[in-house]
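Student: Could you take me through a close look at one part of this model, the place where two chains meet? I would like to know how such a part is described.

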Amino acid sequence: MTLIHLKIKRQDKPESPSYFENFQIMAESGATIISALQIIRKNPRNISGKVVAPVVWESLCHKNLCGSCTLIINGKVRQACQVLLKDCTQPIVIEPLKKFPVIRDLVVDRYFLRQAQEKMTAWNDLDAMITNLELEQKNQIDSEQALTLAGCHSCGACLESCPQINTNSSFLGPAVIAAQQFYLTSTLGQKQKSRFLSALMEEGGIAGCSNAQNCVRHCPKELPLTTVLAKISRETNHFALKKIFG
Amino acid sequence: MTEKKHIVIWGNGIAALTAALRFAEEGITVKIVCETSLLRSIDVLIPHGINAATNYWNDGDSITNHFEESVECAGHLISQSLLYKMCEQAPKIINFLERAGVPFDRTVEKELFFQKTADSDFKRCVPAGPHTAQKILKVLQSQLLRFESKKLITCFEGYEFLRHIENENTHSLVVQNIKNQEITAIPTQTVIFADPGWQHHCLAALFEQGVFLANPEFSGGLWTGETFETNKKGIYAIGDCSFRLKGAKPLQGNYLLGLLFSALECSCNIIQNKKTFVAENNKIEVYLNREQENWQALLDLTGPENSYRLFDEWEQIMIQKVDCPRREDRLLEASQEIKKLKDRFLRVGLNDHKTWMNTESVFVRRLPRLFSLAEARIAGALYRQESRGTHQRKDYPERDDNRFLKTTKVKFNPAGPEIFYENCDDSLYPLKNTKYQKIEVA
């Protein structure tokens, strides 16, 4: 058990100002950030001993599969369930994501990711998917690439680190483009290639990428995002030229 | 408020999404109500792939083999006709997942790569990488967004389940928005529960309102018929909420299959019976006001007990005294300690009195439900004087098929749970005494 000093950014309501609150806890060295937050809520006192409202945060699977607990820890975007206390320099500064609106304390509203997927129509268009179970469609895909791309759990780390995600830009982020690429590789998706590529050429699509390559460095699932972006960009160019010259 | 043809589904996991998509394809409007955001589901943790007896490798596998292995694994305590149907449907279920784009593992010839699991004699399980459930969820979620953009599915995300109201064949879910803490009612005639919630607290809430539980000593779920309808008309439970097919879950690869199959079976039944889905909002104001008052009272609690520490103690009791191997004296001790926790809960206090995204108040409301669920589990384990599957008693180490080849059915009573037994369907694969191996537990 060691003494851990945490500095947590808090905010009571979306419109109220944010402030930092310091906590000191006793924790095992192998504990994660999530465990530290759980210890705090059992005895919610700040460093000066005053009883405060327990910190509100979001977490679910604790195995880097659900993408709920993305936080900024000591200035870096991380999945809080994967960061050990012993690996952090103290005081450990914990902040919510900055590109998304804060709801309370460490919880942010990531509805943008869903909207992006809906805008890009990142899905396979197919009829009677469940109603007719007899329909067969062999998926002649490069299963290894598809598997990596399907690993994306929409945590928002790539959007947080991307310089193109700001109020002046309509770029929808690398995550949704990776999702597009995932469906493009499936056999049914290949038949809908023009729909996918037209969506990618619209506002907020591939043209927004400035090739800063931050996303690939911060992705907790290690998706080959820059490779995908480069490939999509090449394909859309091809598609656009073909459209003009036939 | 009258809305035509709609159905309410509670949950955002694999079973909930599959059922929602089935209704949406039929042109029925679906309302999905769930605790977390649509893109976050705890189902990502489900291990292994999906079983389907296609006999691809010619190793003698067949639907009957799959079925018999599942029955053995369930300790014969499972409805066999339903289970057989599940094994039959399995290859078709894989068909639909594949069409939707789930990247299953492939052989060099680009065929599905059926693999052998540790507890089966046949190569029957097809995974999609290390986290099959996550891949399936991702694909189902994208399909859901497709129907959402067609306005066939509406999502209500971030809601806490408070209670259900039954009134002249109409059900209303009373829910609270976790963000702005508003309490509202969602009226419907048919509601499907597909998410048991954190530590099964939603099941506990329903249990306290008169829905029967079944087999709580083996984790179990709500009691449902073969159509997945509970003892209350119009309330359905699928996936992890229903006790049906849960017995077959320990056979690797059957868990996901059970979720998907129960969703399909239940939704097909509802569609075929051409239920009217029209619901009218009737006198629910009284209940809404009562819930609102309850919540206000909850916010004002200032006792000395911390709810999170009480939960830790509850967890320790469950791990040390109720988890296997079980013993009568330990179970009785546990039931006494749960009673003490219930008394201490009366002195619980909140540190957070704010009215915006107050997760502590949500937690405090869930806690007493866990206690009543624990009591049902302890009672079920006490009465079942035998060892079978995941229920192991040190004082009764043998399986007793004469007395206990039966489903435990539990009815809520504030004084303590009432237990009944119901005969089990073993029409297709009658009992044999072979194969059942006893494992020594230290």
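Tutor: Happy to! Where the two chains meet, 62 residues of chain A are in contact with 57 residues of chain B, contact meaning heavy atoms within 4.5 Å. This is a predicted model, in which local features need pLDDT of at least 70 and side-chain atom pairs count only at pLDDT 80 or more, while totals for chains, interfaces and linings use all residues. Residues are numbered from 1 along each chain as written, chains are lettered from A and ligands numbered from 1 in written order, and side-chain values use heavy atoms, leaving out hydrogens and water.

Between them, chain A and chain B bury about 5,500 Å², that is, accessible area (1.4 Å probe) lost on being put together, summed over both. Carbon and sulfur atoms hold 57% of this buried area. Charged side chains also pair up here: six salt bridges are found across the interface of chain A and chain B (Lys or Arg side-chain nitrogen within 4 Å of an Asp or Glu carboxyl oxygen). You can look for the salt bridge that joins Asp125(A) to Arg146(B), where the closest N and O atoms are 2.9 Å apart.

Now let us pick out a residue of chain B. Glu305(B) belongs to strand β16, residues 305-306 of chain B (a strand is a DSSP run of E, at least two residues, numbered from the N terminus). Glu305(B) counts as buried because its relative accessibility is 16%, and buried means under 20% (1.4 Å probe, protein chains only). Beyond its neighbours within four places in sequence, Glu305(B) touches Leu310(B), Arg344(B), Arg347(B), Val348(B) and Gly349(B).

Conventions. Helix = DSSP H or I, 4+ residues; strand = E, 2+ residues; numbered from the N terminus. Buried < 20%, exposed > 50% of the residue type's maximum accessible area, 1.4 Å probe, protein only. Buried area = accessible area lost by both parts, 1.4 Å probe.
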